[in-house]
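Okay, thanks everyone for coming.

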Amino acid sequence: MERPPNLAAAIDAAAEALVGVLDSATSRHTVGVSPTQLRVLSLIMTHPDTNVNRLAELLDVVPSSASRLCDRLEAVGLVRRAADPRDRREVRLIPTAAAETLLRELKDRRHQAVQTVLDRMPNRVQHELLLALLAFSQAATAAAPQTSTDSTARTA
């Protein structure tokens, strides 16, 4: 099968549409948390035992900026700092139950927003999309260099 001439452009346009759907679901969420703060919460959730320095690396910012972000999240009760039991000099960032609830509700909203779009598509096309996305994911994973930092976290 020949590659359509504008396949990369079509994927780019679809990605932009998906981001729009996800952003819309996020912006309708009535929280006083910025997109950057949501990203920080997501990183802390997916990287247990994260400290401020590791968070700064994941965000590609200086540690003082990461610390200020954590200060704001701590002030609204979404993050707490705790001494690492293995090394009390280290302070770990721990999401609170409120943060876990917030992220779960946000994820549910985003999934519902995507499902609403999928429901407008015929079942056959949904199945083809699923197969194409799985193949794309496998190809991207096979082509990605193995690094010590989680590159997916940088786009979270």
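This is a predicted model: local features need pLDDT of at least 70, side-chain atom pairs count only at pLDDT 80 or more; totals for chains, interfaces and linings use all residues.

Numbering starts from 1 along each chain as its sequence is written, and side-chain values use heavy atoms, with hydrogens and water left out.

The protein chain has six helices and two strands, in the order α-α-α-α-β-β-α-α from the N terminus. Those are DSSP runs numbered from the N terminus: H or I of at least four residues for helices, E of at least two for strands. Of its 156 residues, 24% count as buried, where buried is under 20% relative accessible area, exposed is over 50%, and partly exposed is in between, with a 1.4 Å probe and protein chains only.

Now α5, residues 97–118. Which of its residues are buried? Ala99, Leu102, Leu103, Leu106 and Ala113. They cover an arc of only 95° around the axis, so they sit on the same side of α5; that arc is taken from the directions from the helix axis to the C-beta atoms. Ala97 and His111 are exposed on the other side. The buried residues of α5 pack against α1, α2 (35–46) and β2 (87–95), contact being heavy atoms within 4.5 Å.

Last, Ile11. This one is in α1, residues 7–27, and counts as partly exposed because its relative accessibility is 37%.
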